[in-house]
Amino acid sequence: MIRLSEHLPIIQVLVPLFGAILTAFARRGTTAWAIAATASVLAPFVSAAMLWTVFETGRPISYVMGSWAAPWGIEYRVDLLNGFVLLLVSVIGVATISYARKSVAAEIDAHKQAWFYTMYLLCLTGLLGIAVTGDAFNAFVFLEVSSLATYVLIGLGRHRRALLAAYQYLIMGTIGATFYIIGVGLLYVVTGTLNFADLADRLGPAMDTQARPILAALAFMTVGICLKLALFPLHAWLPNAYAYAPSFATAFLAGTATKVAVYLLMRIFFSVFAIAIPASALPVTEVIVILSVAAMFIASFSAIFEENAKRMLAYSSVAQIGYITLGIGLANQLGLSASLIHVFNHALMKTALFFALGAIVYRTGLVNISQLSGIGRRMPLTIAAFVVAGLGIIGVPGTAGFISKWYLAMAAIDKGWWWMVFLIVASSLLAVVYVGKFIEVAYFREPGPDVAEAHEPPISMLLPLLALAFATVYFGIDTRLTTSVAEAAASALLGGAR
Amino acid sequence: MKFDLILRVGTKMILPFILLFAIYVHFHGDYGPGGGFQAGVILAAGIILYAMVFGLDAARRIAPQGLVELLVPTGVAVFAAAGLPGMFKDFRYLDYGVYGHDFLHAHEWGILIVETGVIITVFSTMVAIFYAFADRGRG
Amino acid sequence: MSQLTPLIDHFNYFTTIFLMVAGLYIVIARGNMIKKLVGLGLFQTSVYLLYLTPGKIVEGTAPIIDPRFQVYSNPLPHVLILTAIVVGVATLALGLALVVRISEEYGTIEEDEIFARGEDE
């Protein structure tokens, strides 16, 4: 009989994959939704089981595809870092799939709904696959699986600008993925291996004779992945993609896609290159720090002057990604912990914010902030959840966002960069402005004619929104799960333990 | 091209050989150059040639659109499911050792199943793309 | 002649870099969406060459075990690139499909013409 516990890493990918195949056979939206929901609900159990096993035993889980031994065959390798990312992605998947039914039914034509869920499940397959695999080329394939599904999800948006946004993302995303694969190719030419762990072992000796292709590979892979995770100034595709995608797709992508790219960047930097080559060989982390700070400020300013609420949150995402990459750029124990914690917290908060906006779109069809005056009195619970998550984005004590920014500030101090703390606080004040702008309109103005008919969204949409808002507060107070896992994963990354 | 006799007769003569060649490439793929990917494209090329000469409606009669769209996920399902039986017998996913007594034969069978999934998906995807765009702009 | 030796030795790599840069240039410089996709295709194709070049072993044959041959080419790059080609085809097909839809909605596939309309809603 099948022993499930041995096959967990592949089951993680197979569950959404077979879900996608089944939804492709389904002709009706509700059937497809039921299949997608089943697959999404199963996924976090698998990832939680793996994370628990790794946490308890302290050893990574290794699974070789088709019994071909590791450096030659494709190895799936789950350690604390990607166990954490897997859990995050699959949990966001559960929250969004509950939200999806009404939202998708309202925004997508009936005959396209089944395909829409197929694309969602393929995207989930790809994202989980990137996180679970220990093979550089396999990661590229999963990256493209998730990206192709993402382009379709965005292109199915109601407005015709969605097609343009999807096209631009397709061009940028493909360039990013191709840059990544050029880097992998150079590494393969030098070392003859694609396995992350094996690469780390072989790059060190190869560095003496063939430093140039290795450094070129590092540069190519960094740029490629930074395109996918929308690091400033490579973020141009993100605001339009998020603004014109269907609400459900925006919420799902904001919580998962960029986060998985961040994971891949960490894996490349710390599990492969940091072990093999001296940090001084190429000033990658310095560049990332500068760009992160630029993202924190410039994207926040863009968010302040943005009239479309979805674009405002999208620019906010670019700014928040700046905090995450800043932690990577600091490259110390606390910085990496801060990055991981913020990956988790930001996924919760931003998904909640896009849920709230999606609920507003569901009831009113409006996304322009000026038209939403007084919406807080018509949809009190929705806007309350928006405020809680918005406070988290600002980083108010008592919310999850505070924890990650606290860690980030500690990491900067640890490095001796006192001025960085001021920058972090200053950019948080910019978040006060754009979140405050929305709250001012929503609560302190008389309800306008546009929102007169609005009321709370259906319970299937409200529940995941409130759950994520609650999680924002919960992980701001009880930080045991996030900090313990993130700190352990950060030490493992920096210690070179694989 | 209703009245182009040479094209019509020529297509009818060449079509069986195109399909036969596709089958040959497919079954040759497990132990030599070839395989489901190329075979699927050749098979689809046969259908598309037929559609170009005899019209879209005639092609839809021999390869109905609904069927083609069902075949796309079927092929993926065959491919993905080929790895499953091993998991029940102490093998890893995608280990084809389960399909035979010795390594070579088992893997030959495993690859053949995978190639079958590939030929179904590649063929149906190509034809589905052709159908999707062939009658755009005709109203 | 001796100056040309490195050029000839690394001919594939020079071709790769030329295709890569040319493709990227087309993507950036052209406003026509189809031409952009052509550039993207060129850019991706250059990567195939980058992978295949080290896979070729002089006098090596296809890696099908046969008593008559001792030297085989490395099959792994070919397998990887077969995957990458499929990915590239899928990207191109999706991109072209999007362009068809854009052309139906906007009546043009020139980026500057579409952005010149400046619609925000």
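Of the 121 residues in chain C, 23% come out as buried, where buried means 20 or more other C-beta atoms within 10 Å of the residue's own, those atoms being placed from the backbone. This is a predicted model, in which local features need pLDDT of at least 70 and side-chain atom pairs count only at pLDDT 80 or more, while totals for chains, interfaces and linings use all residues. Residues are numbered from 1 along each chain as its sequence is written, with chains lettered from A and ligands numbered from 1 in the order in which they are written.

Chain C is built from five helices and zero strands, so read from DSSP runs of H or I with at least four residues for helices, and of E with at least two for strands, numbered from the N terminus. From that end, the elements run α-α-α-α-α. As for overall dimensions, the C-alpha atoms of chain C fill a box of roughly 65 × 40 × 15 Å along the principal axes.

The contact between chains A and C draws 20 residues from chain A and 24 residues from chain C. On the chain A side, helix 5 (136-155) and helix 6 (161-191) each supply at least two residues, and helix 6 gives the most, with 13 residues.

Note on methods: Two residues are in contact if their C-beta atoms, placed from the backbone, lie within 7 Å. A residue is buried if 20 or more other C-beta atoms lie within 10 Å of its own, exposed if 12 or fewer, and partly exposed in between; C-beta atoms are placed from the backbone.
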